[in-house]
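Subject: Structure for you to look at

Hello,

Here is the structure I said I would pass on. Please open it and read the notes below alongside it.

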Amino acid sequence: MSILVVGSVALDTVRTPFGEARDILGGSATYFSVTASFFTDVRVVGVVGEDFPEEHIAFFQARSIDIKGLKRVPGKTFRWVGEYGFDLNEARTLDTQVNVFADFKPEIPKEYQSSEFLFLANIDPDLQREVLTQVRNPQLVAADTMNFWIQLKPESLKRTLEGVHLLIINDSETRQLAGEPNLVRAARQVLDLGPRALIIKRGEYGALMFNDGRWFAAPAYPLEHIFDPTGAGDTFAGGFLGYLDNTRNLSEENVRKAMIMGSVMASFTVEEFSLNRLRTLTYSEIEARYREFKKLAHFEDL
Ligand code: AMP
């Protein structure tokens, strides 16, 4: 069991109403892989520049993440600068410097090409497709994207979606991609683009899954201290797919449990800047919060 992820490995500068942190570890593939590593083996394909600190490489290694596919090349690492207001649900991008990603051509190492689970994290849709062509026969292809790519490369993104089984995006991206304000109608239109299932992340309101005409709603944990929402979406995806890869059961029932596990992991990430909360997280804390989620969403007919 192992998941292959391709996405950004970044240095982020993040401003929230509670403080600012500069050049901290971030990136879609980073949040995804560190989270998924709690459940299964993870292989990362991406690129960093000469300025990427060795201590971050050591962190990947300490979590037993396979970084054979993470290249270090001359130039600067991908950088993202984002800001959140008091409504922490949506990041405002202040600056994106693609840097070494500008010339990046993903090369999937031979031993990764038979990966059964693949996550195309938020990255240029052209690159997502280049990865798809190199992986032989994946059982499950999940993908993320963001407003930046929906706006910049809509046609390329649509071509990528033809090869994706599960799309994991937030509510405003769903509306933007479909060009439709109603979320239910937008979800149907997104599925017409290719994916069999759609997960819509809704920040502090949880996540919705839509497939085969059915909806499932996972709540978000009502946290008293949300410090930095960056990476919550990728962490959700890492928990969701990590759990599915670990259990190897794609039944509707198990996929719903995976939605809760994604929400559990995201609820931890937002408690501190960058991936700091994941550095100290233990399995018993994960299990305890999973039980809390069970109580949160449980109801019975009287
Ligand atoms: P999330 O909050 O889960 O949507 O993802 C946040 C991460 O996405 C940050 O750590 C950023 O480094 C990364 N990111 C932001 N913009 C882009 C982009 N255009 N392409 C790839 N990754 C990005």
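R72 is partly exposed, because its relative accessibility is 36%; partly exposed covers the range between buried (under 20% relative accessible area) and exposed (over 50%), with a 1.4 Å probe and protein chains only. R72 forms a salt bridge with E54, and the closest N and O atoms are 3.1 Å apart. A salt bridge here is a side-chain nitrogen of Lys or Arg within 4 Å of a carboxyl oxygen of Asp or Glu. This pair links distant parts of the chain, with R72 in strand 5 (residues 66–72) and E54 in helix 2 (residues 54–62), 18 residues apart. E54 counts as exposed because its relative accessible area is 55%.

Before the rest, a word on the source. This is a predicted model, in which local features need pLDDT of at least 70 and side-chain atom pairs count only at pLDDT 80 or more, while totals for chains, interfaces and linings use all residues. Residues are numbered from 1 along each chain as its sequence is written, and side-chain values use heavy atoms, with hydrogens and water left out.

A second salt bridge joins R79 to D23, with 2.9 Å between the closest N and O atoms. R79 lies in strand 6 (residues 78–83) and D23 in strand 3 (residues 19–26), so the pair ties together parts that are 56 residues apart in sequence. R79 is buried, at 15% relative accessibility, whereas D23 is partly exposed, at 41%.

R22 forms a salt bridge with E20, and their closest N and O atoms are 2.7 Å apart. R22 is exposed, at 57% relative accessibility, and E20 is partly exposed, at 41%. Salt bridges also link D124, D126, R129 and K153 in a network. The whole structure has 25 salt bridges.

Now the chain as a whole. It has 11 helices and 13 strands; these are DSSP runs numbered from the N terminus, helices being H or I of at least four residues and strands E of at least two.

Regards
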